[in-house]
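Here is a short tour to read with the model open beside you.

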Amino acid sequence: MADNALTDLTIAEARERLDRGEVSARELAEAHIAAIEGARALNAFVTETPERAIADAEASDARRRRGESGALEGIPLGIKDLFCTEGVMSTAASGILDGFVPTYESTVSANLFAAGAVMLGKLNLDEFAMGSSNETSHFGPVENPWRRQGDNRALVPGGSSGGSGAAVAGRLCLGATGTDTGGSIRQPAAFCGVVGAKPTYGRCSRWGIVAFASSLDQAGPMARSVRDTALMLGAMAGFDPKDSTSVDIDVPDFEATLEDGVAGLKVGIPAEYSLDETPDDIRALWDEGIAWLRDAGAEPVEVSLPHTAFALPAYHLIAPAEASSNLARYDGVRYGQRVEGEDLIDTYARTRGAGFGAEVRRRILIGTYALSAGYYDAYYLKAQKVRTLVARDFERAFESCDFLLTPTCPSDAFAIGEKSDDPIAMYLNDVLTVPASLAGLPAMSVPAGLSGGGLPLGLQIVARAFDEETMFRAARAIEKAAAFDARPEPRG
């Protein structure tokens, strides 16, 4: 089988061919290593680990010969560089952690490797996962493998999991891990034309993931099919006593119920997600998605999420406040970059000034201000109250429906540099994904069509807490109806 045929496989297809002995894990790894080497212009990887990939693959082939196959046996994956990986540099795409090599493994990546996955390397992201375009990375922006029709400008892949989205769309790995704080899996999935799932907060352990906003961060899978994301999440999830926010609840076989369909279910259509500035092609795709679900036997019902307009400003107070606390640990004393100053306080200031990029510094300043004496009640506490109202809106909506259908993003992918000088415009990219994050609900993006410029557009499914099975069933129904098979042109 030709190398490009191997990189075009889905995880489910690769698993079947590995099981039948038609291809080895080593051959699969070698094909993806070659693809990565041929597409470095995308800048999707911070660290490539070809030797590790070959060793992992050979160990996988040996286990298979012994009849000891895991759920992801021999499947080559990329790991977002927010996950600490033992013995492999883990930077969160920040200069302050450039060169940091952990002596421990994140729980999620450990779960994947225990299931037999092969690591191809660490994927680029917005610095400390703070961004919606993957332009804030210390290692430079990631390029989306897609191009707008008639326009060869490099496009953003979305963020913060932009390296993951670009690598999966560009056939550099069969799947990738991402993290989602306010949309950082779903938005790049939509921009890159792949599937991305954010599970319920607490479904996946946060232990060993570099923290941005601890009450929001959640790991999830990105792949090229709904089935693949279900397979990955099944391996990633599980209770972890090392994470105080991990929920001790059984992990269902998400793949087993994928084809159960949506007949008899009610799909909520929130009126507040119809923004004035939403382009016509996204509105049309949303309408088409509603029709697809109706044809599949679901009943569309109108629901209201009245506090949606307040979710984004609340998020941009809560997340920076938590970031200012979490990032206080990067002081040049224990690990990471250190810039000597005249005294300890000066060393702190010089280290953080040199190590943090502009967007991270901006969010630390906003968060510190929001938590400061005299402003805590006016800003942070009020934002937390809004968060409660947003969560309550979803609870009431789910009294009359089983899941929600919305657009994932208010636009398609934009050019690198197009919004870099306007933080507010950049933050607005997350307006449709942030509410589910504030409520801690499972949500995912499925590629469903192309914009007028020939770029992928996603539809978002939101489900009740810990009801990922319904989320995957609805996503699979959309996937079958959309029959999205467009792909970007290969890029070197």
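Two residues are in contact when they have heavy atoms within 4.5 Å of each other. This is a predicted model, in which local features need pLDDT of at least 70 and side-chain atom pairs count only at pLDDT 80 or more, while totals for chains, interfaces and linings use all residues. Residues are numbered from 1 along each chain as its sequence is written, and side-chain values use heavy atoms, with hydrogens and water left out.

- Val195 belongs to strand β5; helices (H or I, at least four residues) and strands (E, at least two) are DSSP runs, numbered from the N terminus.
- With a relative accessibility of 1%, Val195 is buried, where buried means under 20% relative accessible area, exposed over 50% and partly exposed in between (1.4 Å probe, protein chains only).
- Leaving out residues up to four places away in sequence, Val195 touches Ala189, Pro221, Met222, Ala223, Arg224, Ser225, Val226, Thr229, Met444, Ser445, Pro447 and Glu479.
- Thr229 is 34 residues from Val195 in sequence, and their C-alpha atoms are 7.1 Å apart.

- Val226, Asp228, Thr229, Ala230, Leu231, Met232, Leu233, Ala235 and Met236 are the buried residues of α8.
- After α8 comes Gly238, with a positive phi near 140 degrees.
- The largest nonpolar core has 149 residues; such a core is a set of buried Ala, Val, Leu, Ile, Met, Phe, Trp, Tyr and Cys residues joined through side-chain atoms within 4.5 Å.
- Leu72, Phe128, Leu405, Met444 and Phe472 have the most contacts inside this core.
- Apart from its neighbours within four places in sequence, Phe472 is in contact with Ala197, Val226, Thr229, Ala230, Leu233, Phe254, Leu258 and Met444.

**Aromatic rings and charges**

- The structure holds 12 aromatic pairs. Rings of Phe, Tyr and Trp (its six-membered ring) pair if their centres lie within 6.5 Å, and planes under 30 degrees apart count as stacked, over 60 as edge-to-face and the rest as tilted.
- Phe128 and Tyr330 make a tilted pair because their ring centres are 5.1 Å apart and their planes stand at 50 degrees.
- This pair links distant parts of the chain, 202 residues apart: Phe128 is in the loop between β3 (118–123) and α6 (162–169), and Tyr330 in the loop between α10 (308–326) and α11 (344–355).
- Both Phe128 and Tyr330 are buried.
- One aromatic cluster is formed by Phe100, Phe128, Tyr330, Tyr335 and Phe356.
- Arg52 lies over the face of Phe113, 4.8 Å from the ring centre. A charge sits over a ring if NZ of Lys or CZ of Arg is within 6 Å of the ring centre and within 35 degrees of the ring normal.
- Lys419 has its charged end over the ring of Phe414, at 4.4 Å from the centre.

**The loop between β3 and α6**

- Asn134 is located in this loop and is buried at 0% relative accessibility.
- A polar atom of the Asn134 side chain lies 3.1 Å from the backbone nitrogen of Gly162.
- Ser160 is also placed in the loop between β3 and α6, and the peptide bond from Gly159 to Ser160 is cis, with omega near 5 degrees.

**Leu216 in its loop**

- Leu216 is in the loop between β5 (195–198) and β6 (218–223) and is buried, with a relative accessible area of 3%.
- Asp180 is 36 residues from Leu216 along the chain, with 7.7 Å between their C-alpha atoms.
- Beyond residues up to four places away in sequence, Leu216 touches several others, including Asp180, Tyr201, Tyr315, Arg387 and Leu438.

**Cysteines**

- The count of disulfides is 0, a disulfide being a pair of cysteine sulfur atoms within 2.5 Å.
- The closest cysteine sulfur to that of Cys84 is in Cys204, 16 Å away, which is too far for a bond.
- Cys84 is buried at 4% relative accessible area, and Cys401 is buried at 2% relative accessibility.

- Asn43, in the loop between α3 (25–37) and β1 (45–48), has a positive phi near 60 degrees.
- Ala92 has a positive phi of about 55 degrees; Ala92 is in the loop between β2 (76–80) and α5 (107–114) and is buried, with a relative accessible area of 0%.

Note on methods: A polar contact is a pair of N or O atoms within 3.5 Å; within protein, one must be able to donate a hydrogen and the other to accept it, and residues adjacent in sequence count only if both atoms are side-chain atoms.
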